Amino acid sequence: MAKKKNKIVVEPFDDIKIIGISSHLEDYKLAWHINKLLNINLVKYPDIVNEDEMEFSFYLYDGGENCNTFNLVEIANADGRWVNFNPPTDYLIIIRNFINDENLAKTLDLIRHIEGVQFAYLVDVSMNSKIDALLEDIEMHEIELVKSL
């Protein structure tokens, strides 16, 4: 009789919520509004360079141990789009670590009311096949930044 093997399956990006934003605002203006409304301090770091050698702005706020980490990542600029989303999306806010549904809904509502934001929505990670590779690139960029600090 063959032995059964137990396998642990772990989602590659556990405890991540992603908000997609469509906006004509410059990245620094959007970051300023988000900082003010959410009472965080997104800081601009060197741009992410994708596989096509296109540069996209990258902001990071780390709330520390047991708190949320926020990334604001540009995914569309004058040079083109890093990834095509439907609906068309210009920025992603990636929230790592647990955030309860009430706080997530409040965050989404605050972002929707920023002047210059056409719309904001919660990205369904399971419905977008390109999101894993994008999140991997963003995480690798962040790791390189932390190592260089």
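Is Lys 147 buried or exposed? At 61% relative accessibility, Lys 147 counts as exposed, where exposed means over 50% relative accessible area, buried under 20% and partly exposed in between (1.4 Å probe, protein chains only). The model examined here is predicted, so local features need pLDDT of at least 70 and side-chain atom pairs count only at pLDDT 80 or more, while totals for chains, interfaces and linings use all residues. Residues are numbered from 1 along each chain as its sequence is written, and side-chain values use heavy atoms, with hydrogens and water left out.

Lys 147 brings us to the charged pairs. The structure holds 4 salt bridges, a salt bridge being a side-chain nitrogen of Lys or Arg within 4 Å of a carboxyl oxygen of Asp or Glu. In one of them, Lys 147 meets Glu 144 at 3.5 Å, N to O. These two residues are 3 apart in helix α3, so about one helical turn separates them; helices (H or I, at least four residues) and strands (E, at least two) are DSSP runs, numbered from the N terminus. Glu 144 is partly exposed, with a relative accessible area of 44%.

Arg 96 counts as buried at 17% relative accessibility, and Glu 142 counts as buried at 10%. A further salt bridge joins Asp 90 to Arg 81, with 3.6 Å between the closest N and O atoms. Here Asp 90 is buried, at a relative accessible area of 14%, whereas Arg 81 is partly exposed, at 34%.

Attention now turns to the nonpolar interior. A nonpolar core is a set of buried Ala, Val, Leu, Ile, Met, Phe, Trp, Tyr and Cys residues joined through side-chain atoms within 4.5 Å. The largest such core has 22 residues, of which Ile 19, Ile 21, Leu 30, Ile 34, Leu 42, Leu 72 and Ile 93 touch the most other members. Two or more residues each are given to this core by β1 (16-23), α1, β4 (69-74), β7, α2 and β8 (117-122), and the largest share, 4 residues, comes from α1. A second, separate core of 21 residues includes Ile 18, Phe 58, Ile 75 and Val 123.

Leu 30 sits in helix α1 (residues 27-38) and is buried at 0% relative accessibility. Neighbours within four places in sequence aside, Leu 30 is in contact (heavy atoms within 4.5 Å) with Ile 21, Leu 25, Leu 72, Tyr 91, Ile 114 and Val 117. On a 1 Å grid over the protein atoms alone, a pocket is an open set of points where a 1.4 Å probe fits, with protein on both sides within 12 Å along at least five of seven lines, and lining residues have an atom within 4 Å of a point. Among the lining residues are Leu 37, Phe 70, Asn 103 and Lys 106. The elements giving two or more residues to this lining are α1 and α2 (101-112), with the largest share, 4 residues, coming from α2.
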